[in-house]
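Here is a short report for a reader new to this structure. Look it over first, then read on.

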Amino acid sequence: MIDLRSDTVTRPTAAMRAAMAAAEVGDDVYREDPTVRRLEERAAELTGKEAALFVPSGTMGNQIALLCHTQRGDEVIAGEGAHCAFYESGAGAAWSGVQFAFAGRGGLFTAADVEDAIKPPQYTLPRTRVVAIENTHNRAGGRVFPQDDVLAIAKVARAHGLALHLDGARLWNAAVASGRTVAELAAPFDTVSVCFSKGLGAPVGSALCGGADAIRAALRFRKMLGGGMRQAGVLAAAALYALAHHQGRIAEDHETARAIARAMRDAARGAARSGATSPPATIEEPETNILYVDTPGVPAERLVDAARRRGVLVGATGKSTIRAVTHLDVAPEQVAPAASALAEALAEVLSAPRDRGHEGARA
């Protein structure tokens with residue numbers, strides 16, 4: 001099977017496993033693991049921040065950042081579908097006691113949207129404290145957040161005394177796609193979470209990066225949330241290997257996503273010419289390694305099943321929407337078969353009799 005459900009499904013390469021086996025370790029709760037400390041120094045250097053903290057997951061990195069920046073009852077401004085609000089099991093409400101105000105449409109927003117979302121300083125209202133940006137934005141189709149908008153948003157946030165957090169789980173992809181450095185993209189933010197287990201292909205781990213004071217506070221919150229690990233150098237070694245060897249190949253994932261999108265568009269056009277009974281599919285042009293396909297009137301599970309029968313795994317993200325994510329475990333010789341299989345699967349579901357019950361449910 002060619003697994004395109006997520007870029008989290010990658011497995012360590014033989015060389016990465018060797019680096020893990022050879023890692024020098026210590027007790028990181030005592031801050032005595034030298035490999036973890038090297039990873040934290042490297043993450044801080046790459047993001048242009050004073051310090052960094054190794055954490056088990058991007059979710060923990062985001063939630064520690066919210067704990068650092070907020071008090072209970074505060075409000076966080078984020079884009080629609082933001083991971084920290086949408087995919088983290090309600091952790092913002094459970095741990096920080098915050099609520100979210102969503103700005104803009106489709107995950108991206110502007111400085112004017114932030115101005116509109118900031119609450120006036122009245123005691124009857126929640127206190128706006130943080131602006132959180134996700135780059136790339138998962139549910140927006142892996143889109144890169146325009147840096148000019150980031151800078152304008154940061155200016156507004158500073159004028160209102162708000163903190164800025166960057167959910168940069170796929171910031172490596174954003175840097176490659178935009179031609180900017182990771183440090184440049186991270187510069188406007190107080191805290192930045194970056195993930196090693198997605199496009200970089202490490203098995204576990206993220207880093208929360210920021211000022212020295214913020215990371216000292218984050219260390220306590222990491223322990224509080226159960227993220228203090230002992231001989232974690234075996235995991236940090238994988239992340240260090242990924243940073244050294246896998247950043248340069250991320251552009252290949254972006255091209256693979258575009259190749260799959262082209263094949264699926266051709267299939268959709270062919271189905272339309274043959275008189276398909278369903279409306280045309282919407283196939284977004286990938287900016288990075290995430291491709292969304294919407295098939296109005298056709299349940300997403302049908303396309304997921306048709307792809308699985310052809311040897312490709314994708315995931316349903318809505319009633320009629322699927323997501324395919326490319327990554328380093330998709331070998332070059334698998335790109336054409338994956339694209340062909342998904343194109344055939346799409347042609348099959350678009351040509352099948354339309355599901356009237358599903359159409360009514362959507363209406």
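## A helix pair

Is the crossing in which α2 passes α11 left-handed or right-handed? α2 passes α11 in a left-handed crossing (the near helix is turned anticlockwise from the far one by less than a right angle). Helix α2 covers residues 34-47, and helix α11 covers residues 233-245. They pack at an angle of about 35°, with axes 8 Å apart. Axes are lines fitted to C-alpha atoms over the stretch in contact, and angles run from 0 to 180 degrees between N-to-C directions.

Contact means heavy atoms within 4.5 Å. From α2 come Thr35, Val36, Arg38, Leu39, Arg42 and Leu46. They meet Gly233, Ala236, Ala237, Ala239, Leu240 and Leu243 in α11. These residues divide into eight nonpolar, two polar and two charged. Ala, Val and Leu are among the nonpolar types, Arg is among the charged ones, and Gly counts as polar.

## The whole chain

The protein chain has 15 helices and 13 strands. These are DSSP runs (helices H or I, at least four residues; strands E, at least two), numbered from the N terminus. The C-alpha atoms fill a box of roughly 65 × 55 × 35 Å along the principal axes.

Buried residues make up 55% of the 363 residues (under 20% relative accessible area, 1.4 Å probe, protein chains only). Among contacts between residues at least 6 apart in sequence, 76% join residues at least 24 apart.

## About the model

This model is predicted: local features need pLDDT of at least 70, side-chain atom pairs count only at pLDDT 80 or more, and totals for chains, interfaces and linings use all residues. Residues are numbered from 1 along each chain as its sequence is written, and side-chain values use heavy atoms, leaving out hydrogens and water.

Terms used:
Buried means under 20% relative accessible area, exposed over 50%, partly exposed in between (1.4 Å probe, protein chains only).
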